[in-house]
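Hello,

Here is the structure we discussed, handed over for your files. My notes on it follow below.

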Amino acid sequence: MKNVSKKFVPFLLATIVGAFFVLSGHTAGAAEKKAKYVGSGTCGTCHLVQHNDWVVSGHPYKLRKAEDAMKAGLPLPEGWTWNEISYVIGGRNWKTRYVDKKGFIITMTGPDKSKPGKNQFNLETGTWSNYHAGEKNKPYNCGRCHTTGYSKKGHQDGLPGMIGTWAEPGIGCEACHGPGGDHVAKGGDKKLIKIDNDKSMCGQCHIRGKSNTIPAKGGFIRHHEQYNELLASKHAIFNCTTCHKPHKHSKFVDAMKIQCGSCHAKQMASYAGSSM
């Protein structure tokens, strides 16, 4: 360094440090790209029990292609045919909405598609209700919590109404466990897959607004705010998986690890007595 100008030394050091960070960032990016999404079907080849529990839960059906939803025998909004549908939202537990061939949520129905509303089918009652009735070009922008491997960039399938892209429609195994490409390639190495039981994992999607408040509209608690309810209660010290089996849905099967009465025996006894 004797022959190097003193003025040049800071520049040389900055160049070396900068190059280090650039190379480090490149290496990290390359490492992230190595892990590819393989799809829930691939996960099911080894994790059959968990996969079967997941299949009958609501998670896979947050979003699915029209051809898959059609097989489930779901009804269509008046005036629409399956050839005019690209995706179906929901349709397993509570409600169903429909996306047209341009990626926009259907808001108009009727023989000539001129009637606003009657575009959401409610499975519990077998009736139609209104969802953003008559709104024009209602985009589908729910991918962050309704798909797996979501990116807010681009438009899935090149459809302008679809905001973002994803590796798999619906909440697949890798939505919670991360991309499984390396895990599969290395023979199921547990170090290469994410297993996170913290309540904040569920709270990424089962939340609305501020996490420490329970939002309501029209006097009613709104949907997907279980994380808000948990953090606002005395149960905040627990994780969701303390009581719930993560792969199951309680509408169809016993999805509880422990029942409420396991901890609240007196309250359960009092409730049982009052209901007789």
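A search of the whole structure turns up zero disulfides, a disulfide being a pair of cysteine sulfur atoms within 2.5 Å. Cys46, for instance, takes part in none: the nearest cysteine sulfur belongs to Cys43 and is 8.9 Å away.

Before the rest, the ground rules. This is a predicted model, in which local features need pLDDT of at least 70 and side-chain atom pairs count only at pLDDT 80 or more, while totals for chains, interfaces and linings use all residues. Residues are numbered from 1 along each chain as its sequence is written, and side-chain values use heavy atoms, with hydrogens and water left out.

On accessibility, I call a residue buried under 20% relative accessible area, exposed over 50%, and partly exposed in between (1.4 Å probe, protein chains only). Cys46 is exposed, with a relative accessible area of 66%. Cys205, at 26%, is partly exposed.

Now the salt bridges. The rule asks for a side-chain nitrogen of Lys or Arg within 4 Å of a carboxyl oxygen of Asp or Glu, and the count comes to three. Helices (H or I, at least four residues) and strands (E, at least two) are DSSP runs, numbered from the N terminus.

1. Asp53 and Lys248: the closest N and O atoms are 4.0 Å apart. This pair links distant parts of the chain, 195 residues apart, with Asp53 in helix α3 (residues 48-55) and Lys248 in the loop between α10 (240-243) and α11 (265-274). Lys248 is partly exposed, its relative accessible area being 27%.

2. Lys115 and Glu78: here the closest N and O atoms lie 3.1 Å apart. Lys115 sits in strand β6 (residues 115-116) and Glu78 in the loop between α4 (66-70) and β2 (85-90), so that distant parts of the chain, 37 residues apart, are linked. Lys115 is partly exposed at 40% relative accessible area, and Glu78 is partly exposed at 41%.

3. Lys113 and Glu84: their side chains meet at 3.3 Å, N to O. Lys113 is in the loop between β5 (108-109) and β6, and Glu84 is in the loop between α4 and β2, so the pair ties together parts that are 29 residues apart in sequence. Lys113 counts as partly exposed at 26% relative accessibility, as does Glu84 at 27%.

Regards
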